[in-house]
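Here is a short report on a two-chain model.

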Amino acid sequence: MTLTTREARKTLRWSVIAGLVMVFTSAVGMMESFDDRLIIYPVLSLGYLMLFWIVPLAGFQATHLPRLEGIEPPGKGLSNVLIGALTGLGAGVILAVFVVVADRFDLREVFVSISPRLVRLLTFEDTLPGGLLATVLIPTLLGTAGGAFHLLRDNLGRRLVLALEWVLVVAILEGVVAQILRQIRLDALGERIYTQRALEWFAAVALFLAILPIPASRTGTNQVERIRQRLFSIDPAQRIRNSVVSAVVILVFLILLPQLLGSLLSEVLANVGLFLIMGLGLNIVVGLAGMLDLGYVAFFAVGAYTVAVLTSSLSPRFAPELSWWLALPVALLVSALSGVMIGTPVIRMRGDYLAIVTLGFGEIIRILFLSDWLSPIFGGAQGILDIPGIPLGVTRVSGISPESILYFAFAFVLIAAWVSWSLQHSRIGRAWNALREDETVAAAMGVNTVRAKLDAFIVGAILAGGAGALFAAKLGSVFPSSFELLVSIIILVVVIVGGMGNIVGVAVGAVVLIGILGGPNVPGLMAEFAEFKLLIYGALLIFMMLRRPEGLIPARARYRELHADEADQDAWLDKSIHPIQSRPSSSETTAEPDC
Amino acid sequence: MDSLLWGVRLIAILVLIWGVAGTIVQGLNGAGPSAEAWRDLVVAGIAQGAMYGLIALGYSMVYGVLGFINFAHGEVFMAGAMSGFFVANYLWQVHFWDNYFVLAILLVLLTSVLTSMLVAVIVERVAYRPLRASPRLVPLITSIGISFFIQYSFAGLFGVAVKNYPPAPDSLRNRIGFLGLEIEGTKLAVIVVALISMGLLYLFVEKTRTGRSIRAVAEDKEIAALMGINVDRTIVASFAVGGVMAGVAGTLWSLLFRGVAFHTGFLPGIKAFTAAVLGGIGNLPGAMVGGLFLGTFEGVGSQLVLAGLGIPAVSQLKDVVAFTALVLVLIFRPTGLFGERLSSEDRA
């Protein structure tokens, strides 16, 4: 059996990609520093997972042929397995060459992360010639598995992946699972299945076998669509009753959640909440009105500093020591004003100039807070300490008890979500939508473009200011270093990865990114990622822009904008696969107004 | 709206005049910096500005042909400076650096230039080419991602510590007389090298065949393609040329400041973009002049304007001056001082 030139080229391409990704992961230090964390005891560490995940994927992709309009789907057979194996072999050889080079020459002068320990890890603690065999063999096997995946029936393949994903999630999020088990008095189970923060192998196998029989549904977006359709097919009275019931359930859940999570997880979740509020605000500016604001952190800083100056007894010049509840409206007002001040000059600019100017404003504000010039008011680099927290009855809510802060975060998030939702579906929301799609046409239809853009800026500023007020009360102190450009960028990544223009998307983005990877100054659940967090954020941003610019959970309108031709193709595929069932194709649904 | 902008303009001008007047009064009273201090400030500003100008050329060329801000260009510059360090460090260890300094610095220059060029070209191939047809903000967001990715890859690969170049020989560091002024040798060298590279770039773009195709693609991609120009290759060429200039800037930076770390490229990158806008984006002589102007203004301007207003520790506010310059230029003269040159579709 021979490969065609096309197949050979694809195999080579994917083996080089997989090999280089593995070499990069090793050389950048991820492999070694993640190796300390086992995820499945005693066989798999996070380091090896980060090293090898690409190989099965490459093996799969190397033999993956997209189903195209007018072309028969290619037959599947032994060639898939062979190509997968070859891809894995190629990748393994590249890794082996890297290991030999790293072993022979002392590269530590230049590449600080290439250590003898790395070489030992990559050769599986074996001596070099024998160990190299494993270095090549394991990627080959993984690549073969990736290629062989094509041979499985669709449903079985999907179930396998789902089960595997679940096992990894339960293993990686050991902190959450063990904590919840502790809280519901199942300590014994937690101690049984986890050893050294890793899932025991028998527990992993058991979980895998338990999930395997569950039929996996089609992709997530379709699932959301299906639920939505079902929701709208029932009659209105019933629908309202259902919504009320689910709202109550969610509320009870939210009230119980902090108690269930304990303080460490509540802390993480409170940070997620803060970023979610800002994400929702930036979503209005970027996702709805289409203005790329890179200095969004400025409003967060303004909110936090206003509260700090007004409430702290250590505020240098002006210390009225107001209650947080009085300071909050002032903070929101000041944020709104700064929104007007920054927004007015920039909103007429071209999109990319607007991005750079807002970035400039963000940096100006941070440097001013930092400067000696304004230190009599804002404390300079020392910041403002001793912010008293939120008085509530006889107690004070502050970061010392993350559970109670979490309730405030929930409340703020709900308000922010409600504000964005109702604005999005109001007259101004439709104006933003029109504006983003085509400014000239929007203006011709009577949208006051300048006004609409400024409104977006102000709403965004107010939400960030509210997050800032909460942040100041939570931390008990503010420093200029909390408001670096990085924060703006990370909020942007949250919005983009989650799905611009979609509230649920932003929420998912915040939970996944801030909760797991961690924010700029706050650790997430996977504290191991700390060093490489920003590397991963950068890579995610590039990947999302190249492959899925609409985000994980896209707003429907934006998905249509970015994938018009693919939607047509899907429609064609659907028709050709189910010729008899006449279900509405996606190109027809696009004609409906967005609801 | 308009009245507000006029108000901002008026306030900016008033602050400027008030500050300058204050500084002059201070100077007359003998309170301000001495004449030598002013001279050093101006020379340092020009040297810094020459580097901004070199980096700005890369922004301007990419904006000219593709119409988006290549946010990662600062990292291209950093990559050059960083790779040069390893060569310089090696040459220092084998005592080649102090014995044959000129040869050594040429080797370092070659390394930086090649690395920067390579990084710029790879970034174009991997990330920007697939996005040619996307809305304008998509490549911009991608370039932010690339910027972070390169920064933190370098942090992981080469360590987070600041890497110090070996010192230049004393003969270069001493002050030398130039046009009746005593100027530090390194700064003079930086200015001269930067001006020569800008001149060469200008000749390249104006006189060579590749330069002509770059200009044609910047004017109108479709028509250029119809005229038989390979648009893809031309775009790669303009990224490469921008990378070369960033590499030169990287070496000059290390001569001047010696320290290089993974985050070195970020601020100079943003400021160089400011310089490019200041001179009119897409306009190559504009980028050079914009760089020189911004460098001088940020060094001298903080002293000249802010000190006159009685603000303490003005050197902290250097970046504020640069960013304010950016904001003011974009508000009041977004086409830059010398007018922008954009393709027909970008002007729309």
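## Domains and fold

The centres of domain 2 of chain A and domain 3 of chain A, taken over C-alpha atoms, lie 39 Å apart. The model is predicted: local features need pLDDT of at least 70, side-chain atom pairs count only at pLDDT 80 or more, and totals for chains, interfaces and linings use all residues. Residues are numbered from 1 along each chain as its sequence is written, while chains are lettered from A and ligands numbered from 1 in the order in which they are written.

The domain bounds come from an automatic or database domain assignment. The table gives them for chain A.

| Domain of chain A | Residues |
|---|---|
| Domain 1 | 5–64 + 74–214 |
| Domain 2 | 236–520 + 528–555 |
| Domain 3 | 563–589 |

**The sheet in chain A.** Four strands form an open sheet in the order β2-β1-β4-β3 (chain A), with mixed pairing. Helices (H or I, at least four residues) and strands (E, at least two) are DSSP runs, numbered from the N terminus. Strands pair if DSSP finds at least two bridges between them. The edge strands of chain A are β2 (44–45) and β3 (194–195), each pairing on one side only. Strand β1 (residues 38–41) of chain A runs antiparallel to β2(A), joined by two bridges. A:Ile40 stands opposite A:Leu44 in β2(A). Helix α11 (residues 201–211) of chain A packs on the sheet and touches β1 and β4 (198–200) of chain A. The direction of α11 makes about 75° with that of β4(A). Such angles run from 0 to 180 degrees between N-to-C directions, with axes fitted to C-alpha atoms, for helices over the stretch in contact.

**Chain B.** Chain B has 15 helices and four strands. Its C-alpha trace spans about 65 × 65 × 40 Å along the principal axes. Of the 348 residues in chain B, 52% are buried (20 or more other C-beta atoms within 10 Å of their own, C-beta atoms being placed from the backbone). Among contacts in chain B with a separation of 6 or more, 79% join residues 24 or more positions apart. A contact means C-beta atoms, placed from the backbone, within 7 Å.

Note on methods:
A residue is buried if 20 or more other C-beta atoms lie within 10 Å of its own, exposed if 12 or fewer, and partly exposed in between; C-beta atoms are placed from the backbone. Two residues are in contact if their C-beta atoms, placed from the backbone, lie within 7 Å.
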